[in-house]
Amino acid sequence: MRIVLAPDSFKESMSSPAAARAMRRGIEQALPSAVCVEVPMADGGEGTTRALVTATGGRLLKVATTDALGREHSGEVGLLPDGRAALEAAGAVGMSLVAPAQRDIMASSSLGVAALVRGALDAGARRLIVGLGGSATNDGGAGLLVGLGARLLDDDGRDLPPLPRHLGRVTAVDMGGLDPRLSQCTIELACDVTAPLLGPQGASAVFGPQKGADPQQVRELDTALAALADAVETACNRTVRHTPGAGAAGGLGHAFMALGAVPRSGVEVVMGATGLRAHLAGNTDLVLTGEGAIDAQTLTGKTPAGVAGAAREAGVPVIAFAGRVDPGSPALEAVFDAVVPILPEACDLPRALERGPENLERSVSMVMRLLLLGQNLPQPARP
């Protein structure tokens with residue numbers, strides 16, 4: 001039996017490569033003769049870089065960067081065998097890097113993402129894959145632009161810091177100092193968000209509250225991003241504020257698109273880079289996928305649904321595993337052949353996260369034993 005293992009990360013419990021290894025261990029307990037093909041997945045959020053590096057045999061490059069509050073830390077850029085580089089917003093300015101009590105959306109910047117981009121360019125990459133999920137910022141990509149050499153200017157031509165509290169005073173953006181290597185680049189944005197930059201479905205209204213913005217700040221942020229967008233789009237001669245995904249990562253999508261980046265479904269980008277469909281075409285009998293939670297949001301561009309779609313195209317059954325399964329999502333039955341929760345008993349969240357790998361391993365082993373049992377059971381006579 002040939003089984004493709006294509007999970008996403010189980011947030012705060014295990015990375016997608018770790019989840020694939022746990023699945024393999026579970027299979028080996030029940031069916032040692034099985035051929036397992038590990039293809040760790042992601043959809044643009046946290047873990048995208050490592051998933052791509054693991055699946056393609058690339059390597060990780062450490063890059064000095066800053067978090068959303070400007071504190072120094074070490075980020076990663078993935079250098080892939082085909083010459084592309086992968087990086088993710090969450091790896092520089094992710095929510096997980098700022099403790100809840102320290103979050104200040106009006107003082108948070110995407111400047112750290114520019115350091116990762118420059119690191120990729122310094123390594124010689126001119127084709128970039130940028131994951132846009134999981135940022136703690138809502139600056140419209142102002143930090144990114146400044147970090148790449150642009151200047152934000154007020155009415156008097158004075159430079160403004162790339163922080164949300166100052167963006168309402170931006171009247172012009174000077175792109176003259178932009179890193180010239182960007183003109184030689186193609187950038188794919190891996191993103192599962194279709195929000196525009198502004199308005200009730202935009203970055204500030206939809207994602208601002210998740211990052212700590214109160215109703216008044218949401219209004220201020222939307223107004224500030226509108227002023228920034230006016231200046232950026234004039235400077236780049238490109239209107240992208242209404243493009244689906246412009247609101248991703250607090251408007252970071254808008255800044256990248258203004259520079260010519262192309263938005264794509266995050267899971268499709270990762271499936272293409274990892275060659276998942278080619279793996280599925282190779283006489284595969286079963287696909288295992290999963291992530292921390294399987295619910296109605298899974299169907300809106302998340303990794304397990306993307307993997308299930310590719311498996312369905314190849315005519316291969318797919319089983320999804322999750323730490324939490326929402327029983328109120330009957331549509332999941334049309335996407336997966338089975339959905340399996342991995343928790344063996346009721347427990348608190350810290351314990352569930354700590355035991356994620358062993359729970360996934362145990363659940364996969366149990367499912368494989370049930371599949372083998374089903375193969376050996378006598379088939380009921382047809383009426």
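Which residue forms a salt bridge with K62, and how far apart are the closest N and O atoms? The partner is E76, with 2.9 Å between the closest N and O atoms. A salt bridge here is a side-chain nitrogen of Lys or Arg within 4 Å of a carboxyl oxygen of Asp or Glu. E76 lies in strand β4 (residues 72-79) and K62 in strand β3, so the pair ties together parts of the chain that are 14 residues apart in sequence.

The model is predicted: local features need pLDDT of at least 70, side-chain atom pairs count only at pLDDT 80 or more, and totals for chains, interfaces and linings use all residues. Residues are numbered from 1 along each chain as its sequence is written, and side-chain values use heavy atoms, with hydrogens and water left out.

## The parallel sheet

Helices (H or I, at least four residues) and strands (E, at least two) are DSSP runs, numbered from the N terminus. Two strands are taken to pair if DSSP finds at least two bridges between them. Strands of a sheet pair through backbone hydrogen bonds, either parallel or antiparallel.

Strand β1 (residues 2-5) pairs with β2 in the parallel sense over four bridges. L5 has E38 in β2 as its bridge partner. The side chain of E38 also meets that of R24 in a salt bridge (2.4 Å, N to O). This pair links distant parts of the chain, with E38 in strand β2 and R24 in helix α1, 14 residues apart.

Contact means heavy atoms within 4.5 Å.

Together with L370 and L373, M366 forms a nonpolar patch on the surface, with about 280 Å² of accessible area for the three together. Patches are made of residues with over 30% relative accessible area and no salt bridge; like charges are joined within 9 Å, and nonpolar side chains (Val, Leu, Ile, Met, Phe, Trp, Tyr) within 5 Å. Accessible areas come from the Shrake-Rupley method with a 1.4 Å probe, and for residues only the protein chains shown count as cover.

## The mixed sheet

A second open sheet is built from six strands in the order β3-β4-β5-β6-β9-β10, and its pairing is mixed. Strands β3 and β10 (262-265) stand at the edges with a single partner strand each, so one side of each is left without a neighbour in the sheet. Neighbouring strands of this sheet are turned by 30° against each other on average, direction ignored.

Strands β6 (residues 127-131) and β9 (residues 186-191) run parallel and are joined by five bridges. T186 in β9 is the bridge partner of R127. Helix α9 (residues 248-258) packs on the sheet and touches β6, β9 and β10; its direction makes about 160° with that of β9. Helix α10 (residues 266-274) also packs on the sheet, touching β6, β9 and β10, and its direction makes about 85° with that of β10.

In strand β3 (residues 59-66) lies T66. Not counting residues up to four places away in sequence, T66 touches R71, E72, H73, A92, V93, L111 and G112.

## Salt bridges and accessibility

The whole structure holds 22 salt bridges. One of them joins the side chains of R158 and D154 (3.2 Å, N to O). D82, R84, E188 and R264 are linked in a network of salt bridges.

The table gives burial for selected residues. Buried means under 20% relative accessible area, exposed over 50%, and partly exposed in between (1.4 Å probe, protein chains only).

| Residue | Relative accessible area and class |
|---|---|
| D154 | 8%, buried |
| E76 | 16%, buried |
| T66 | 18%, buried |
| R24 | 26%, partly exposed |
| E38 | 27%, partly exposed |
| M366 | 40%, partly exposed |
| K62 | 54%, exposed |

Note on methods
Axes are lines fitted to C-alpha atoms, for helices over the stretch in contact, and angles run from 0 to 180 degrees between N-to-C directions.
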